[in-house]
Amino acid sequence: MFKNTFQTGFLSIFYSLGSYPLQLWSQHESIKNNDDNNSDDDNGDDDFQEGTIKNINNQKIRIINDEIIKSNVLQIIAENITNVYIQCPPRIDQNLGITLQYLTIIVKDMDDFFSFEIEILDDKKEIKFIRVSNFQEETRVKDEICCLPLRLEEEKGWNNITLDLNNISKRAFGTAYSETRRVTVHANCRLRRIYFSQQLFSEDELPPELKLYIPSN
């Protein structure tokens, strides 16, 4: 999708405001029940069907007004985190092709299981997976998959999660990061923005549209 695009500074792939927040995403919902809430070893591809990216008014994936930031955000809720998720790009034959190495997700902790996954290509042209979850207690690396624990701040619920994909790839797989192919976000969370950047920026260096504003009253 972005392979032939000049990439510098920031590249956003999700923003909760606007008339079409999931333009670059697909929605997925399991077609059968799975009782294993925090299974991260089985991606369950055979159990999912792709949903429409235009209809985001169902009870599991929907736009709501967050009571803290008093603005629209995307909420993803499910009893089983593997049952409901959004994915970018929307089609399996597409590839993001994003070479910027820092991924930032502005997300709200819903005090429940939550996970997301990044599919990357390394400098050896091998596909690797980075899975991040708040129920993972320690880092685990198995073949082409790196599972990372996530600790979310409890204050006001909103968090800025930034991953250095090149550093993770080198430490987990011994190879350098080349590009991101796919991003998947599972329940349970509220999303404001997902973007890539070429370097780490302080809060003062970020453009206004990438900042999370919390009203004082």
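Predicted model: local features only at pLDDT ≥ 70, side-chain atom pairs only at ≥ 80, totals over all residues.
The largest nonpolar core comprises 43 residues, among which I13, W25, I76, F116, V185 and L191 touch the most other members. For L191, when neighbours within four places in sequence are left aside, the contacts are F14, S16, V73, L74, I76, I86, I105, I106, V107, W158 and V185.

Strand β8, which spans residues 115-122, contains E117. With a relative accessibility of 16%, E117 is classed as buried, because this value falls under the 20% limit. The side chain of E117 is joined to that of R131 by a polar contact of 2.4 Å. Beyond residues up to four places away in sequence, E117 touches F129, I130 and R131, together with R182, V183 and T184.

Strand β9 covers residues 127-133 and has I127 within it. The relative accessibility of I127 is 34%, so this residue counts as partly exposed, a class that lies between the limits of 20% and 50%. Apart from neighbours within four places in sequence, I127 is in contact with E119, I120 and L121, and likewise with E144 and R181. The C-alpha atoms of I127 and S178 are 10.0 Å apart in space, while the two residues are separated by 51 residues in sequence.

Terms used:
Residues numbered from 1 in each chain as written. Heavy atoms only, no water. Core = buried A, V, L, I, M, F, W, Y, C linked by side-chain atoms within 4.5 Å. Buried < 20%, exposed > 50% of the residue type's maximum accessible area, 1.4 Å probe, protein only. Contact = heavy atoms within 4.5 Å. Helix = DSSP H or I, 4+ residues; strand = E, 2+ residues; numbered from the N terminus. Polar contact = N/O pair within 3.5 Å; in protein donor to acceptor, adjacent residues only side chain to side chain.
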